[in-house]
Amino acid sequence: MDLTYFKKNSKNKRKENNLFFKLLKKIPPKVLDKIIHPIHDNVFKKTNCLECANCCKTTSPIFSDKDIIRIAKHLNLRPSEFTEKYLKIDDEQDYVLNSLPCSFLAKDNYCSIYNVRPKACKEFPHTSRKKQYQLLNLTKKNLEVCPAAYNIIEEVKNSLDKNLR
Ligand code: SF4
Ligand code: SF4
């Protein structure tokens, strides 16, 4: 996966995408989910995250209390030891990674805590979640982080174009 090309391309499309997301916000919520979810499935069938790991390298998931308890147990640490070692509190008062790339990202792009990873990592880039209309601002942000999210929105554009023709 050519991340340099992806980053340049996604930045170049910022203006176009700002306009497109204004249009997406006008689509009824249930219809929007029906458009995005099958495209999410298709794109992820063709995406090898192990060739990318850009999310783990450049952004932090939010760690919920449940995540912290589960991961700390896995690492034989007390939750307070885990948060002190790996996390910080961000401006929104959420626990996030204290350094990037993520400390649990191995050299081969595998996640060393994959089975107990945060819920936010499992769900990233969140395009298979219900109520996509509530997540549009996040998805727009993720277009410059995640090649799969970028491709999903490009396919959404194509599918809407076809339906309008
Ligand atoms: S916990 Fe695992 S999946 Fe989540 S950011 Fe770190 S390496 Fe990536
Ligand atoms: S979820 Fe997106 S950013 Fe993360 S590894 Fe997969 S394609 Fe890359």
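This is a predicted model: local features need pLDDT of at least 70, side-chain atom pairs count only at pLDDT 80 or more; totals for chains, interfaces and linings use all residues.
Me: How many residues of domain 1 are in contact with domain 2?

Reply: Two residues are in contact if their C-beta atoms, placed from the backbone, lie within 7 Å. Here 7 residues of domain 1 meet 8 residues of domain 2. The side of domain 1 that touches domain 2 has 3 nonpolar, 2 polar and 2 charged residues. For these classes, Ala, Val, Leu, Ile, Met, Phe, Trp, Tyr, Cys and Pro count as nonpolar, Asp, Glu, Lys and Arg as charged, and the others, Gly among them, as polar.

Me: At what angle do the axes of helix H5 and helix H6 cross?

Reply: Two packed helices are described by the angle between their axes and the distance between the axes. Helices (H or I, at least four residues) and strands (E, at least two) are DSSP runs, numbered from the N terminus. Axes are lines fitted to C-alpha atoms, for helices over the stretch in contact, and angles run from 0 to 180 degrees between N-to-C directions. The axes of H5 (residues 65-74) and H6 (residues 79-86) come within 8 Å and cross at roughly 95 degrees, so the pair is roughly perpendicular. Angles under 35 degrees count as roughly parallel, over 145 as roughly antiparallel, 65 to 115 as roughly perpendicular and the rest as oblique.

Me: Which residues make that contact?

Reply: H5 contributes Ile68, Ile69, Ile71 and Ala72, and H6 contributes Pro79, Phe82 and Thr83. By class, the contact of H5 with H6 has 6 nonpolar, 1 polar and no charged residues.

Me: Which residues are around ligand 2?

Reply: A residue is near a molecule or strand if its C-beta atom, placed from the backbone, lies within 6 Å of it. Around ligand 2 are Thr47, Cys49, Cys52, Ala53, Asn54, Cys55, Phe124, Pro125, Val145, Cys146, Pro147 and Ala148. Helix H4 (54-58) and helix H9 (147-164) each supply at least two residues of this shell. By class, the shell has 10 nonpolar, 2 polar and no charged residues.

Me: Where are the cis peptide bonds and the positive phi values in this model?

Reply: Most residues other than glycine have a negative phi, and most peptide bonds are trans. In this model, the bond from leucine 100 to proline 101 is cis, with omega near -5 degrees. Phenylalanine 124 and proline 125 are also joined by a cis peptide bond, with omega about 5 degrees. Alanine 53 has a positive phi, near 60 degrees, and lysine 131 also has phi near 60 degrees.

Me: Is lysine 131 buried or exposed?

Reply: A residue is buried if 20 or more other C-beta atoms lie within 10 Å of its own, exposed if 12 or fewer, and partly exposed in between, with C-beta atoms placed from the backbone. Lysine 131 has 10 such neighbours, so this residue counts as exposed. Alanine 53, with 19 C-beta neighbours inside 10 Å, counts as partly exposed.

Definitions and conventions. Residues are numbered from 1 along each chain as its sequence is written. Chains are lettered from A and ligands numbered from 1 in the order in which they are written.
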